[in-house]
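Student: I am new to this structure and would like to work through it step by step. May we look at it together?

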Amino acid sequence: MSDCECLSRCPFFNDRMAEMPAMAHLMKKNYCQGDFLKCARHRVLLGKGAGNVPNDLFPNMQARADELLSGQ
Ligand code: SF4
């Protein structure tokens, strides 16, 4: 468990997404300051590059990350 290297610039962690989920605080604890390799945003960032992470992708959107990573 450690901090994600994206903390300082991540729109989710810095509350810069259009709509933040009610569980954002918990998600930050579980993903951003915990198991960040399981974060959907982080997975897409690693697989496709920072420029290909959708603005509205939340850390728990694994199915959408799978689609993006498979090129769908
Ligand atoms: S874990 Fe995901 S949401 Fe959190 S800072 Fe890293 S990339 Fe952003």
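Student: Leaving aside neighbours within four places in sequence, with which residues is Tyr31 in contact?

Tutor: The model is a predicted one, in which local features need pLDDT of at least 70, side-chain atom pairs count only at pLDDT 80 or more, and totals for chains, interfaces and linings use all residues. Residues are numbered from 1 along each chain as its sequence is written. Two residues are in contact if their C-beta atoms, placed from the backbone, lie within 7 Å. With neighbours within four places set aside, the contacts of Tyr31 are Phe36, Lys38, Cys39 and Pro59.

Student: Is Tyr31 buried or exposed?

Tutor: A residue is buried if 20 or more other C-beta atoms lie within 10 Å of its own, exposed if 12 or fewer, and partly exposed in between, with C-beta atoms placed from the backbone. Tyr31 belongs to helix 1. Because Tyr31 has 23 other C-beta atoms within 10 Å, this residue is buried.

Student: How many helices and strands does the protein have?

Tutor: Helices (H or I, at least four residues) and strands (E, at least two) are DSSP runs, numbered from the N terminus. Read along the sequence, the pattern is α-α-α. The secondary structure therefore comes to three helices and zero strands.

Student: Which residues come nearest to the ligand?

Tutor: A residue is near a molecule or strand if its C-beta atom, placed from the backbone, lies within 6 Å of it. There are 13 residues around the ligand, and those that come nearest are Cys4, Cys10, Cys32, Phe36 and Cys39.

Student: Which elements give two or more residues to the shell around the ligand?

Tutor: By class, this shell has eleven nonpolar, one polar and one charged residues. Here Ala, Val, Leu, Ile, Met, Phe, Trp, Tyr, Cys and Pro count as nonpolar, Asp, Glu, Lys and Arg as charged, and the others, Gly among them, as polar. The elements that give two or more residues to the shell are helix 1 (24-32) and helix 2 (40-48).

Student: At what angle do helix 2 and helix 3 pack, and how is that arrangement described?

Tutor: Axes are lines fitted to C-alpha atoms, for helices over the stretch in contact, and angles run from 0 to 180 degrees between N-to-C directions. The axes of helix 2 and helix 3 are 9 Å apart, and the angle is about 10 degrees. Angles under 35 degrees count as roughly parallel, over 145 as roughly antiparallel, 65 to 115 as roughly perpendicular and the rest as oblique. Helix 2 is therefore described, relative to helix 3, as roughly parallel.

Student: Which residues of helix 2 are buried?

Tutor: The buried residues of this helix pack against helix 3. They are Ala40, Arg41, His42, Arg43, Val44 and Leu45.

Student: Is Asn55 buried or exposed?

Tutor: Asn55 is found in the loop between helix 2 and helix 3 (62-70). Not counting residues up to four places away in sequence, Asn55 touches Pro11 and Met17. Because Asn55 has 9 C-beta neighbours inside 10 Å, this residue counts as exposed.

Student: What is the phi of Asp15?

Tutor: Asp15 lies in the segment before helix 1. With 9 C-beta neighbours inside 10 Å, Asp15 counts as exposed. The phi of Asp15 is positive, in a residue other than glycine, and is near 55 degrees.
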